Amino acid sequence: MTDFENYAAEYPDCFWIDFTVLENFMREALINAGVPDNDAGIIAEVLITADKKGIDSHGIGRFKPIYIDRLDLGIVEPVTDIKTVTESATTAVFDGSNGMGHVVAKEAMQKAIEKADEYGTAMTAVRNSSHFGIAGYYADMAADRDMIGIVGTNARPSIAPTFGVENMLGTNPLTIAFPTDEQFHFNLDCATSVTQRGKIEAYERSGKELPPGWVIDRQGHSMTDPKTVLRSLVEGSAALTPLGGPGEETAGYKGYGYAAAVEVLSAALTQANFLKDLSGKDRNGNNVPYRLGHFFIALSVKQFIQPSIFKTIAGTILRQLRHSAKAQGQTRIYTPGEKEWLAWQYRREHGCPVPLALRNQLSELNTRFGMKYRFPWENHSL
Ligand SMILES: NC(=O)c1ccc[n+]([C@@H]2O[C@H](COP(=O)([O-])OP(=O)(O)OC[C@H]3O[C@@H](n4cnc5c(N)ncnc54)[C@H](O)[C@@H]3O)[C@@H](O)[C@H]2O)c1
């Protein structure tokens with residue numbers, strides 16, 4: 001993304017809807033689904049933040065299939081009863097009681113920030129949780145307070161270990177954010193697989209084939225049809241490749257190692273579920289809570305160095321990277337967090353792109369919950 005001239009062309013057949021409308025829509029739908037007002041506000045804010053950053057795989061596109069549908073199935077509790085399992089000056093473990101992941105995750109990061117503010121560094125972890133959305137939201141919370149934020153979570157089994165074909169590890173994001181002297185934080189927020197389910201769902205919604213090397217079948221061959229891939233991932237007959245790709249040639253073992261480290265940090269400190277137990281099914285095929293684990297680390301920059309010095313050095317490093325020699329045909333080098341900031345510069349003016357598949361979901365929820373939103377695709381004006 002070097003300019004915004006062609007940005008809208010990347011979203012054909014989309015209606016561009018005001019973010020406040022979509023955020024309110026999600027909040028109201030959650031309240032109708034039994035989520036307390038304050039918690040509904042947190043969930044809607046985390047989800048709409050993904051859309052504002054251009055992370056379409058993890059925003060309102062997942063509202064119905066990942067959150068409302070799981071509330072309907074009864075495998076996620078609408079009321080998140082957060083319990084403190086253990087706590088020290090610089091650590092804490094919380095139990096999310098199978099409630100909404102965003103709610104306990106925000107609380108856990110807030111607690112890590114408070115402790116780091118007093119003692120310099122802190123780590124909290126969560127068990128019995130559910131999908132918390134973008135890890136970058138919580139890492140940004142630390143960066144907003146002049147801290148370094150590191151966040152990880154395990155997830156449904158998806159990644160095959162190097163030389164394997166069985167989906168064992170979650171897409172396990174390992175996310176790091178910190179402030180700089182620029183207008184946006186450094187925020188490396190990504191899965192430890194080459195891709196993740198939300199992106200495959202986004203490909204499915206826009207009817208595009210997946211690039212080869214993202215997903216393998218039980219013979220180790222690439223799969224490219226997103227619909228088949230999503231079904232096969234649930235059945236366990238397909239696996240995502242770790243960051244670096246299949247085999248050792250392009251160092252897939254590095255992504256595999258990071259994913260394994262996140263799995264252990266998410267589960268072993270908390271006694272959360274891990275690997276295949278995160279499939280969301282019991283032995284008889286019944287839907288059961290995921291019981292995910294997450295971890296949140298906050299490091300207070302001021303305990304190491306004056307924050308302004310840290311930010312200047314960080315910004316200088318990032319600028320030098322961006323200004324280094326470009327590969328042939330390339331006009332721009334990005335640093336982590338920059339594309340999301342650029343997406344927001346466009347979207348704050350134009351709103352959130354809503355593709356066809358999503359329109360149907362939103363209209364369905366609108367009717368189901370008796371809400372009065374007048375979406376433009378229903379031939380009404382907002
Ligand atoms: N909760 C979960 O279980 C879960 C699981 C997996 C992923 N996620 C979330 O999904 C989201 C997307 O993950 P993903 O793996 O698809 O991310 P991705 O592959 O789109 O990578 C995004 C990251 O890479 C950076 N980036 C992109 N292009 C760049 C470039 N050319 N140069 C420098 N940096 C660049 C971005 O700034 C961002 O930090 C994340 O927010 C992640 O937290 C959540």
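Visitor: Is Asp140 buried or exposed?

Guide: In this predicted model, a residue counts as buried if 20 or more other C-beta atoms lie within 10 Å of its own. Asp140 has 26 other C-beta atoms within 10 Å, and therefore it is buried. This residue is found in helix α5.

Visitor: Which residues is Asp140 in contact with, leaving aside its neighbours within four places in sequence?

Guide: The contacts of Asp140 are then Gly149, Ala177, His185 and Asn187.

Visitor: Where does Ile150 lie, and what is it in contact with beyond its neighbours within four places in sequence?

Guide: Ile150 belongs to strand β5, residues 147-153. Beyond those sequence neighbours, Ile150 is in contact with Ala139, Ile176 and Ile297. Ile150 is also buried, because 22 other C-beta atoms lie within 10 Å.

Visitor: How does one check the length of a helix, such as α9?

Guide: The expected span is 1.5 Å times one less than the number of residues. Helix α9, residues 307-322, has 16 residues and should therefore span 22 Å; its end C-alpha atoms are 22 Å apart, which agrees.

Visitor: Which residues of α9 are buried?

Guide: They are Lys311, Ala314 and Leu318. Viewed down the axis of α9, these buried residues fall within an arc of 70°, so they line one face of the helix. The cover over the buried residues of α9 includes β6 (174-178) and β7. On the other side of α9, the exposed residues are Ser308, Ile309, Thr316 and Gln320.

Visitor: How many residues surround the ligand, and which are the closest?

Guide: The ligand is surrounded by 27 residues, the closest being Ile134, Ala135, Ala155, Cys190 and Ala191. The elements giving two or more residues to this shell are α5 (135-144), β7 (186-188), α6 (197-205) and α10 (338-350).

Visitor: What classes of residue make up the shell around the ligand?

Guide: The shell has eleven nonpolar, twelve polar and four charged residues.

Visitor: Which domains does the shell around the ligand draw on?

Guide: At least three residues come from each of domain 1 (10-73 + 351-382) and domain 2 (80-194 + 243-321).

Conventions:
Residues are numbered from 1 along each chain as its sequence is written. This is a predicted model: local features need pLDDT of at least 70, side-chain atom pairs count only at pLDDT 80 or more; totals for chains, interfaces and linings use all residues. A residue is near a molecule or strand if its C-beta atom, placed from the backbone, lies within 6 Å of it. Helices (H or I, at least four residues) and strands (E, at least two) are DSSP runs, numbered from the N terminus. Ala, Val, Leu, Ile, Met, Phe, Trp, Tyr, Cys and Pro count as nonpolar, Asp, Glu, Lys and Arg as charged, and the others, Gly among them, as polar. Domain bounds come from an automatic or database domain assignment. A residue is buried if 20 or more other C-beta atoms lie within 10 Å of its own, exposed if 12 or fewer, and partly exposed in between; C-beta atoms are placed from the backbone. The arc is that of the directions from the helix axis to the C-beta atoms. Two residues are in contact if their C-beta atoms, placed from the backbone, lie within 7 Å.
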